Each structure stands twice: as structure tokens, then as C-alpha cells.
Amino acid sequence: MQSYLRKARLSTLADNAGLRLVILLAALGWFIYLWGLGLPALLAGCALGIMGQLALTHYRRRTVDRREVALRRRLGGELLLEEMLLAPARQAHFQAALLLGQRYPLTMERVTEEGMLCRSGEERLLVGCIPLPEGSEVGQGNIVTLQRACRKHGVERGVACVTGRCSRKAEAWAAEGSIPVRIIRREVLLALAGQASPATDEQLIRLGKRKNRPAATGMVQTILRRDKAKTYMLYGVGLMMMYLVTGLRYYPIPGGVCMLLA
């Protein structure tokens, strides 16, 4: 997991070695400044430098652990919201209410196609999941649909868990309706989902494979697009003509590749 968090192995090693060298030189310089250049100053400086190395190792281990926990929660939240996006309506509503139950005092009663009927104190609520891709923004139509469901089930208030984006204007409009609807933003759902279901090692491996596969496939598909055939042929013929005019041997190879792609 630690290697997954690193930017690059070479840069990490260089930064680590440079920082450790600075700590050691600072410790030696401090005692040489106090006692002058001699064996006691060198021994004391080395001892202080070693203590600094141990402190740095301990600090970095704790930092990596914190970053690992945060990363697992972030990715686990993303994966859980993705499952909610593709899940049946009842399952998505139930999962949304389950997540909110970690932070708010909710008592779940019954799940329907429109949402999860819950009770918070004396007030009845309808918790609904509005499944949207991350880049999509919730509209007034989504809110009105939840308000209709609230009226249908006779509840006073609705709670919309949005997996996409929501503007401040839409949030204010939803809260001021005849049946007020509170918007739970994606960021809140991500935090709750990550806390409830942090990513496991198996999920991280599958996620890495899934992210690597489309990149390679997309590159090949881009290179072999049919609409590029004329461009490849034009480049290939042009390079071949340059070879005939100049006689330079490095023109035929890329020219032949372009004509082969065409």
C-alpha cells in the first residue's frame, strides 16, 4: 500500500536520502559549533543524528498509515457510491438511509420504490437516493419527484441523497418548497460511505486493473479509427515522396508504417 501512495520510487529515494543527510549534517554542525571539531563532537553529533533518523522513520510511518486510511476510505466511498448508482431503486434507497444512520438518529421503517420511510424523533421522513453520475447535476425535476413521493406516503419532509452535483440554488429551492427536501451532497455521502466501507486490498487490485485496461484499449482504438485512414495514407505517400526526392533512408520506414495503418 505504501508503494501505491508514492509519486515515483526514484524521487522518493532521493528526497529521503537528502533529508536524512541534512539531519545528520545539522546534528554534527551543532556539536562542532558548541565543542569544536573533535572526537566528542563527532560522536555526539552522530548519536543525535541517529535519534533524528529514528524520529523521522517513526513520523513517516505514522504519516503513511494516516494516508493509507484516508485513501482506503476515499476509494471505498467511491466504489460504494458507484454500486448505489447501478443498484435497483429499493437497494439504493436502503443503502442511503443506512449511511445517514451513522450520523443522524434515524429509525428505518419500510423501503419503497420511491424511498426509505424513516422516523427521526416524532417526525417521519422519506430518504431517497438520486443516482446521478459524478459530473451530472441534480435538477428541479428530481426534487419534485421526491416531493410527490413524500405526499404519496404522507410524510412531512424528504431527504435526497445525491450521488452527483448539486448547486446552492437548487439546494435552497428544495428546502423552501411546500414539502421541504434536504439535500445530502456527494461529499457527505463519500465520507459516510468511506467510513462504513473502506476499500479492501482485493478492491484496490481490481480498481487498478480496471483503470489500466481502458487506457490501453482506448489508445489502440484511437490509433485504428477509420476516419484516420486518409490522414495516414497522406502522410505515408508524402514521406515516400520525400524519400524519392532526397534519398534519405529514414523516410521509408515511417512512410511504410503510415501506409500500413491506412
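Biologist: Which element gives the most to the nonpolar patch?

Modeller: Helix 2 gives the most, with four residues; a helix is a DSSP run of H or I with at least four residues and a strand a DSSP run of E with at least two, both numbered from the N terminus. This is a predicted model, in which local features need pLDDT of at least 70 and side-chain atom pairs count only at pLDDT 80 or more, while totals for chains, interfaces and linings use all residues. Residues are numbered from 1 along each chain as its sequence is written, and side-chain values use heavy atoms, with hydrogens and water left out.

Biologist: Which residues form the nonpolar patch on the surface?

Modeller: A patch is made of residues with over 30% relative accessible area and no salt bridge, where nonpolar side chains (Val, Leu, Ile, Met, Phe, Trp, Tyr) are joined within 5 Å and like charges within 9 Å. Here the nonpolar patch consists of Trp-30, Tyr-33, Leu-34, Trp-35, Leu-48 and Met-51, which together have about 750 Å² of accessible area. Helix 2 (9-35) and helix 3 are the elements that give two or more residues to this patch. Accessible areas come from the Shrake-Rupley method with a 1.4 Å probe, and for residues only the protein chains shown count as cover.

Biologist: How many salt bridges does the count come to?

Modeller: A salt bridge is a side-chain nitrogen of Lys or Arg within 4 Å of a carboxyl oxygen of Asp or Glu, and by this rule the count comes to eleven. One of them joins the side chains of Glu-113 and Arg-90, with N to O at 2.9 Å. This pair links distant parts of the chain, 23 residues apart, since Glu-113 is in the loop between strand 1 (107-111) and strand 2 (116-120), and Arg-90 is in helix 4 (residues 89-100).

Biologist: Which parts do the salt bridges of Glu-109 and Glu-114 tie together?

Modeller: Glu-109 forms a salt bridge with Arg-124, the closest N and O atoms being 3.5 Å apart. Glu-109 lies in strand 1 and Arg-124 in strand 3 (residues 123-130), so this pair ties together parts 15 residues apart in sequence. Glu-114 and Lys-152 also meet in a salt bridge through their side chains (2.9 Å, N to O). Because Glu-114 lies in the loop between strand 1 and strand 2 and Lys-152 in helix 5 (residues 140-153), the pair ties together parts 38 residues apart in sequence. Glu-114 is partly exposed at 27% relative accessibility, whereas Lys-152 is exposed at 59%.

Biologist: Which residues are linked with Arg-74 in a network of salt bridges?

Modeller: The network links Arg-74, Glu-78, Glu-134 and Arg-186. Arg-74 lies in helix 3 (residues 39-86) and is partly exposed, with a relative accessible area of 45%.

Note on methods: Buried < 20%, exposed > 50% of the residue type's maximum accessible area, 1.4 Å probe, protein only.
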